[in-house]
Amino acid sequence: QVQLVESGGASVQPGGSLTLSCTASGFPFSTYWMYWVRQAPGEGLDWVSSINNLGGATYYADSVKGRFTISRDNAKNTMYLRMDGLRPEDTAIYYCVRAAGVAGTFGSWGQGTQVTISS
């Protein structure tokens, strides 16, 4: 079955950097668009970034544009989110999400990884 396992979450100071990873299994990874979605404490889900199946097209929420970089290594069935210039408002659980079809709406979700930005 589809499995998505996030890692790399941590507690860092404002201005710091983190790289999240999402390792996928149970489906042909290189066929699907992938997404990062986050949920801040007490808030709803917030789309962060998207990447197409071959990694040639990437998209970002305005709130993270210029600070976050999404990428993928299809040979390793892994997606990444490099986060620089972290702010307290980036504090959230970050979820790796696979598209429901090869592209489009959200389908399968990982368990999430906690990112906390605090001085």
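Colleague: Where does Asp90 lie?

Modeller: Asp90 sits in the loop between β8 (78–83) and β9 (92–99); strands here are DSSP E runs of at least two residues, numbered from the N terminus. This is a predicted model, where local features need pLDDT of at least 70, side-chain atom pairs count only at pLDDT 80 or more, and totals for chains, interfaces and linings use all residues. Residues are numbered from 1 along each chain as its sequence is written, and side-chain values use heavy atoms, with hydrogens and water left out.

Colleague: Is Asp90 buried or exposed?

Modeller: Buried means under 20% relative accessible area, exposed over 50%, and partly exposed in between (1.4 Å probe, protein chains only). Asp90 comes out at 0%, so Asp90 counts as buried.

Colleague: Which residues does Asp90 touch?

Modeller: Contact means heavy atoms within 4.5 Å. Leaving aside residues up to four places away in sequence, Asp90 touches Arg38, Arg67, Phe68, Gly85, Val115 and Ile117.

Colleague: How many bridges join β7 to β8?

Modeller: Two strands pair if DSSP finds at least two bridges between them. Here six bridges join β7 to β8, and the strands run antiparallel. Arg72 has Met79 in β8 as its bridge partner. The two strands form a hairpin with four residues between them, and Asn77 in the turn has a positive phi of about 50°.

Colleague: And Tyr59, where is that?

Modeller: Tyr59 lies in strand β6 (residues 58–60). Its relative accessible area is 42%, so Tyr59 is partly exposed.
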